[in-house]
Amino acid sequence: MSKLPNLYAKKRGGYVSYYYRYKKHGRTQPMIPLGNSRKNTMTQIKARYVEAQTKVWNMMHGIVTEAPISQVEKQVLFREIYPRFIAEVAPHHGKTFLRDTYNMKAFIEFFGDVNHWTSNPKTGGKVSRDCKIDLAKITTADINNFYASDISGKSTSTKKSRNIYLKPLWEWLVVNELVDKDVYALKHKLGKQGKKSKPHQVIKREDILKIIDLTNSHKHKVFWTIMAYTGLAPVDAGSLTKDDIVLNGTFECIIKSRNKTDITAQIPIVGKLKKIRNFITNLNMSKSERDAANAEFVTLANQIGIKQREGHILAQYCLRHSLATFLRTYLTDNEIQMYMGHTNTKQQQTYISLEASKLHDKMADALK
């Protein structure tokens, strides 16, 4: 197959794309796509090769005058292909893929209009029928401009969020021969080009309790106490509801699901967390409120003499890492995984068992 004249094969990850290339009056012409090993059989590709070869020969000898396939202006409207893209790609990703497609919003607003995308925290979002974005006309330079203007100076996680959805989109476009070139390819490692991810600094338990006592904000005091006793991330700790509290056997637990796995962390309410039980489900903290709490956390940490270690991050998220470190004295690695709902716990863990009761007793003793 590879020895056929004018046949060009290009490897793209786990598959090969085939093209028919030729020259006219000594000048290289746009290649005619023939298909790829992921979507087409070799018999289909050979048939298209013969068709392209015949078409070009006829054109060169004046038998036909129409332009080859690749010279016909393509139009790939985002609003038309998006539902198909989601239907074909989403099943191969985690459960959060559909929900987090709201990351497409910035892309739509940059190349289209602010009103062309409707975001939904639960389902991601959908594109408007009025959207006129033609993906076939977007170039690598356009993608570069998008990144330069949209996420310049933003966190690595924001860059990765964009990357998670735009990279598969262009790969899918190329595989389905809707576009000839992956103009996004130059940015496919963007999420790794930012600053290398730094570990969060571990803070001593006694210093954590000092910080919590120092704040004059009742909301921040409750917020940090939740994280200090549960290891929940800020976004989870600040959004607990009555539905997240259940009675497991003889004690109450906080239930939080991990969307990427089917793990449900069931966290016993013990220690000081038990004393503020009536406040933990009423925070309803917005991102701006969590950011304000984080700023005060760093200020108070510095106030009691905690300095940011080189190569580490000092933030309220440190409460999660500090709890995991603190618990190593009291719990086994598997028990820590159970307690904090780590993603490498392969099966859903429950606390309604003898083992669960023992774990609860351990936690009550450790987190007085």
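His 220 touches Thr 215, Met 285, Glu 289, Ala 292, Ala 293 and Glu 296, leaving out residues up to four places away in sequence; contact here means heavy atoms within 4.5 Å. The model is predicted, local features need pLDDT of at least 70, side-chain atom pairs count only at pLDDT 80 or more, and totals for chains, interfaces and linings use all residues. Residues are numbered from 1 along each chain as its sequence is written, and side-chain values use heavy atoms, with hydrogens and water left out.

**His 220 and its helix**

- His 220 is part of helix H8; helices (H or I, at least four residues) and strands (E, at least two) are DSSP runs numbered from the N terminus.
- With a relative accessible area of 12%, His 220 is buried.
- The cut-offs are under 20% relative accessible area for buried, over 50% for exposed, and partly exposed in between, with a 1.4 Å probe and protein chains only.

**Helix H8 against helix H11**

- The axes of helix H8 (residues 218-230) and helix H11 (residues 287-303) come within 11 Å and cross at roughly 85°.
- Axes are lines fitted to C-alpha atoms, for helices over the stretch in contact, and angles run from 0 to 180 degrees between N-to-C directions.
- From H8, the contact is made by Lys 219, His 220, Phe 223 and Trp 224; from H11, by Glu 289, Arg 290, Ala 292, Ala 293, Glu 296, Phe 297 and Leu 300.
- By class, the residues in this contact are six nonpolar, one polar and four charged.
- Ala, Val, Leu, Ile, Met, Phe, Trp, Tyr, Cys and Pro count as nonpolar, Asp, Glu, Lys and Arg as charged, and the others, Gly among them, as polar.

**Nonpolar cores**

- The largest nonpolar core has 36 residues, and Phe 223, Trp 224, Ile 226, Ile 254, Leu 273 and Ile 280 have the most contacts inside it.
- Such a core is a set of buried Ala, Val, Leu, Ile, Met, Phe, Trp, Tyr and Cys residues joined through side-chain atoms within 4.5 Å.
- Two or more residues of this core come from each of helix H7 (205-214), H8, H11 and helix H12 (318-327).
- H8 gives the largest share of this core, seven residues.
- Apart from this core lies another of 35 residues, among them Phe 97, Phe 146, Trp 170 and Trp 172.

**Salt bridges**

- The whole structure holds five salt bridges, each a side-chain nitrogen of Lys or Arg within 4 Å of a carboxyl oxygen of Asp or Glu.
- One of them joins the side chains of Glu 289 and Lys 219 (3.1 Å, N to O).
- Glu 289 lies in helix H11 and Lys 219 in helix H8, so this pair ties together parts that are 70 residues apart in sequence.
- Glu 289 is partly exposed at 29% relative accessible area, and Lys 219 is partly exposed at 28%.
- Lys 287 and Asp 291 also form a salt bridge (3.0 Å, N to O); both lie in helix H11, four residues apart, about one turn of the helix.
- Lys 287 counts as exposed at 55% relative accessibility, whereas Asp 291 is partly exposed at 40%.
- Glu 109 and Lys 105 meet in a salt bridge (3.9 Å, N to O), and both lie in helix H4 (residues 104-111).
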